[in-house]
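Biologist: Let's go through this one together, and I'll keep asking what stands behind each label.

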Amino acid sequence: MADEENKEAGGAGGDGTDGDGIKTFPFPVDLSLLGVGMQVGPMGTGRSWHDRAPMLRVHRIDFHVVMVFTGGPVRHMVDFAEYEANAGDVLWIRPGQVHRFSRRSEYRGIALTMQPGFLPRATVEATGLYRYDLPPLLHPDAARFDALTASLDQLRREYEDATTLPLSLHTAVLRHTLTAFLLRLAHLAASSAEAARLRQADTTFTLFRDAVERGFATNHSVSAYADALGYSRRTLVRAVRAATGETPKAFIDKRVVLEAKRLLAHTGMPIGRVGAAVGFPDAANFSKFFHQHTDMTPAAFRAELG
């Protein structure tokens with residue numbers, strides 16, 4: 001069984017892995033009804049709801065997963081943070097995030113998966129599908145949970161009704177019904193205390209955040225980001241502090257450290273290559289940077305997880 005799991009999850013440099021050695025699983029179009037770009041159904045002991053993604057190994061997915069829990073507790077790791085979900089909670093995992101299912105948890109509830117590109121761009125923007133700055137775990141109150149599950153139940157009925165409409169109309173109805181559900185979900189995410197603070201961030205921070213996500217592996221300079229975005233350094237500092245409470249440099253460094261941790265923990269890449277992958281061609285400089293931010297050397301961090 002262990003050998004099968006290792007083969008299934010892939011290893012550094014194995015078939016189906018990304019350049020960083022963490023296997024990414026694509027959206028299983030072949031398992032969705034009529035091949036549409038989404039699935040919705042119960043979580044349980046069967047494999048159908050999480051397809052080929054391994055239950056016990058870290059991996060990435062290139063699609064969205066929303067788990068609405070009717071039982072718990074369930075412990076689930078997303079990017080080095082352990083989240084505990086209970087009945088009435090919602091866990092939203094976005095494309096590219098490293099995550100792992102729990103060996104000791106029984107997943108009960110409804111899982112929704114959706115393929116990037118299934119919804120139009122305007123809907124993607126309105127629903128915050130790529131707000132990686134928001135926490136994955138949401139705790140709706142009873143009224144919001146009931147409204148969310150009612151919307152999800154309607155989506156599930158439309159998804160399973162594959163006979164009364166032509167495929168083009170069926171897909172259109174699914175897009176509209178999915179949008180209604182996601183708007184409720186986005187409102188829930190935006191109403192959390194952390195999200196309320198982040199929502200006040202202006203366009204300057206949004207552009208900076210997106211630029212860092214694209215360039216953190218090669219660009220660690222606040223001035224370079226400010227110049228590229230057309231802002232003064234002072235304006236950028238003010239915007240990032242208002243949105244996150246930290247400096248732009250701290251924001252950049254935090255993203256670099258997260259990626260370094262991902263690669264150290266979940267791949268067999270040599271430490272020097274990990275450093276190079278996050279913008280440190282010199283291994284000694286990478287080790288110094290990592291130690292400054294974690295109080296551990298990269299080797300010690302990797303050994304502790306092993």
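Modeller: The open sheet has five strands in the order β2-β9-β4-β7-β10, with antiparallel pairing. Helices (H or I, at least four residues) and strands (E, at least two) are DSSP runs, numbered from the N terminus. This is a predicted model, where local features need pLDDT of at least 70, side-chain atom pairs count only at pLDDT 80 or more, and totals for chains, interfaces and linings use all residues. Residues are numbered from 1 along each chain as its sequence is written, and side-chain values use heavy atoms, with hydrogens and water left out.

Biologist: What makes β2 and β10 the edges of the sheet?

Modeller: β2 (38-43) and β10 (137-138) each have a single partner strand, so one side of each is left without a neighbour in the sheet.

Biologist: How do you know that β4 and β7 are paired?

Modeller: Two strands pair if DSSP finds at least two bridges between them. Four bridges join β4 (residues 64-69) to β7 (residues 90-93), running antiparallel, so by that definition they pair. As an example, methionine 67 has leucine 91 in β7 as its bridge partner.

Biologist: And what does β9 have on either strand, β4 or β2?

Modeller: Six bridges join β4 to β9 in the antiparallel sense, and β2 and β9 also pair antiparallel over six bridges. In β9, glycine 109 is the bridge partner of phenylalanine 69, while alanine 111 is the bridge partner of glycine 41.

Biologist: Why is β2 called largely enclosed, though it stands at an edge?

Modeller: Buried means under 20% relative accessible area, exposed over 50%, partly exposed in between (1.4 Å probe, protein chains only). Five of the six residues of β2 are buried, so the strand is largely enclosed by the rest of the structure.

Biologist: What makes β4 a covered strand?

Modeller: Six of its six residues are buried, and that takes in both faces: His64, Val66 and Val68 on one side, Val65, Met67 and Phe69 on the other.

Biologist: Which helices lie across the sheet strands?

Modeller: Helix α3 (residues 142-160) lies across β2, β4, β7 and β9 (109-114), at about 115 degrees to β2. Helix α4 (residues 167-190) lies across β2, β4, β7, β9 and β10, at about 110 degrees to β9. Axes are lines fitted to C-alpha atoms, for helices over the stretch in contact, and angles run from 0 to 180 degrees between N-to-C directions.

Biologist: What makes a group of residues a nonpolar core?

Modeller: A nonpolar core is a set of buried Ala, Val, Leu, Ile, Met, Phe, Trp, Tyr and Cys residues joined through side-chain atoms within 4.5 Å. The largest one here has 28 residues, and those with the most contacts inside it are Met38, Val66, Leu112, Leu178 and Leu185. β2, β4, β7, β9, α3 and α4 each give two or more residues, and α4 gives the most, with seven.

Biologist: What is valine 66 in contact with?

Modeller: Contact means heavy atoms within 4.5 Å. Leaving aside neighbours within four places in sequence, valine 66 is in contact with Val90, Leu91, Trp92, Ile110, Ala111, Leu112, Met114, Phe181 and Leu185. Apart from that core lies another of 27 residues, including Val212, Val240, Ala243 and Ala260.

Biologist: The search of the whole structure finds twelve aromatic pairs. Why is the pair of phenylalanine 69 and tyrosine 107 called tilted?

Modeller: Rings of Phe, Tyr and Trp (its six-membered ring) pair if their centres lie within 6.5 Å; planes under 30 degrees apart count as stacked, over 60 as edge-to-face and the rest as tilted. These two ring centres are 6.3 Å apart with planes at 40 degrees, so the pair is tilted. Phenylalanine 69 is in β4 and tyrosine 107 in the loop between β8 (99-100) and β9, 38 residues apart. Phenylalanine 69 is buried at 0%, and tyrosine 107 is buried at 4%.

Biologist: What makes phenylalanine 286 and phenylalanine 290 a tilted pair?

Modeller: Their rings are 5.9 Å centre to centre, with 55 degrees between the planes. Both lie in helix α11 (residues 283-294), four residues apart, about one turn of the helix.
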